[in-house]
Amino acid sequence: MARVFNFSAGPAVLPEEVLREAAAEMLDYRGTGMSVMEMSHRSRPFQEIIETAESDLRELMGIPDNYKVLFLQGGASQQFAMIPMNLMKNRVADYIITGQWAKKAWQEAQKYGKANAVASSADKTFTYIPDCSDLPISENADYVYICENNTIYGTKFHELPNTKGKPLVADVSSCFLSEPVDVSRYGMIYGGVQKNIGPAGVVIVIIRDDLITEDVLPGTPTMLQYKIHADNGSLYNTPPAYGIYICGKVFQWLKARGGLEAMKQYNEQKAKILYDFLDESKLFHGTVVKKDRSLMNVPFVTGDKELDAGFVREAEAAGFVNLKGHRTVGGMRASIYNAMPIEGVEKLVAFMAEFEKNNG
Ligand SMILES: *Cc1c(COP(=O)(O)O)cnc(C)c1O
């Protein structure tokens, strides 16, 4: 068995310890004689799995009691509609457009009301985060929306926008649990888990109590109402049970590694190795403004499309896979999520240095 260094943006690398544990429990989950996949979601063992997952997540992120944690389906993209359907009471919301995912969310919201783009970095192909300290926030905006870490472009909000008192809604799909957060500064935090936490099919929503109401837009399907899922402890219907089980294991893995402060330090250490190399290299360079760099997704280019393609090919042959940049950006992108070991980054940089020597 040979594991590669998987730099995919998502679905992405998971901790090897978690995969081994899941494999060991595959046929007989703790004496039940069945896999978690085969288990009733209303059974005692599954109740314990989902309750432990929630309480571990609450502990890791320091989630205040007045926030609900929901384990939902439909990916992050389903939230692009679910958010306006549930939160757009005045049918007005302000969006900050820092990349494709924010743009898609903004476009979807336009189906339900007036979605204003109050800031954007489209003018420089999303290579920076706009100044959001004094935006023209709409007086009657129901919320302000950001994509906190831009998976495709490799930028991150290192400072949250000044929402002038409006609830902040953040898509954290690609930076979930990568560093500590102050949940109380958000109205809602959500993310698809397949980037940094678990298998595709689960989306986690952390939402403040007062934003969960029956007063949703007319026609909102039952399955798309936060209140239904909140009132039923994420068990209104069959949840993505196996995915939640794996998420729970990742939460335990994170706790055992010292929690989010320790994760942040580790992620900074990893990212620094790669960014320092890119800053020194004569062949490779990073594509985003330094102060807005993401710790999780690192895009880079040589400036020559053929050389880029050659690098991706040779890297793959050497066991560094999924380094091709997003189809809309080109070049390369190394996603270095929580589960990417530092060794993977060190070896990648050594490989890049060697490639540079041979192609300089
Ligand atoms: C991957 C990603 C999405 C889309 O996730 P799906 O689960 O495929 O819908 C949305 N937002 C961000 C920031 C992402 O990285």
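Guide: The account below begins with the charged pairs and then turns to a loop, a surface patch, the cysteines and the backbone.

The model is predicted: local features require pLDDT of at least 70, side-chain atom pairs count only at pLDDT 80 or more, and totals for chains, interfaces and linings use all residues. Residues are numbered from 1 along each chain as its sequence is written, and side-chain values use heavy atoms, with hydrogens and water left out.

Side chains of opposite charge can pair when their charged atoms come close. A salt bridge is counted where a side-chain nitrogen of Lys or Arg lies within 4 Å of a carboxyl oxygen of Asp or Glu. Under this rule the model holds 23 salt bridges. One of them pairs K249 with E21, with 2.9 Å between the closest N and O atoms. This pair links distant parts of the chain, since K249 belongs to helix α6 (residues 241-256) and E21 to helix α1, 228 residues apart. Helices (H or I, at least four residues) and strands (E, at least two) are DSSP runs, numbered from the N terminus.

The two partners differ in exposure class, where buried means under 20% relative accessible area, exposed over 50%, and partly exposed in between (1.4 Å probe, protein chains only). K249 is buried, with a relative accessible area of 8%, whereas E21 is partly exposed at 40%.

Helix α6 takes part in a further pair. E59 and K255 form a salt bridge at 3.3 Å, N to O. Because E59 is in helix α2 and K255 in helix α6, this pair ties together parts that are 196 residues apart in sequence. E59 is exposed at 53% relative accessible area, and K255 is partly exposed at 31%.

The side chains of D276 and K272 meet in a salt bridge at 2.5 Å, N to O. Both residues lie in helix α7 (residues 259-280), four residues apart, about one turn of the helix. D276 is partly exposed, with 35% relative accessibility. Salt bridges that share partners also join E21, E25, R30 and K249 into one network. As for D276, its C-alpha atom is 9.8 Å from that of V349, although the two residues are 73 apart along the chain.

S8 is located in the loop between β1 (5-6) and α1 (16-24), and S8 is buried at 10% relative accessibility. Its side chain makes polar contacts, defined as pairs of N or O atoms within 3.5 Å; within protein, one atom must be able to donate a hydrogen and the other to accept it, and residues adjacent in sequence count only if both atoms are side-chain atoms. A polar atom of the S8 side chain lies 3.1 Å from the backbone nitrogen of G10, and the S8 side chain reaches the backbone oxygen of P11 at 2.8 Å. G10 and P11 are themselves joined by a cis peptide bond, with omega of about -15°. P11 is placed in the loop between β1 and α1. Leaving aside residues up to four places away in sequence, S8 touches V321, N322, S335 and Y337; contact here means heavy atoms within 4.5 Å.

M26, L27 and M37 form a nonpolar surface patch with about 330 Å² of accessible area together.

C132 is buried at 8% relative accessible area, and C247 is buried at 0%.

Backbone angles complete the account. Most residues other than glycine have a negative phi, and most peptide bonds are trans. F126, in the loop between β4 (114-120) and β5 (144-147), has a positive phi near 60° and is buried at 10%. K164, in the loop between β7 (155-156) and β8 (168-171), has a positive phi of about 55° and is partly exposed at 40%.

Technical notes: Patch = residues over 30% accessible without salt bridge, like charges linked within 9 Å, V, L, I, M, F, W, Y side chains within 5 Å. Areas by Shrake-Rupley, 256 points an atom, 1.4 Å probe, with all protein chains shown as cover.
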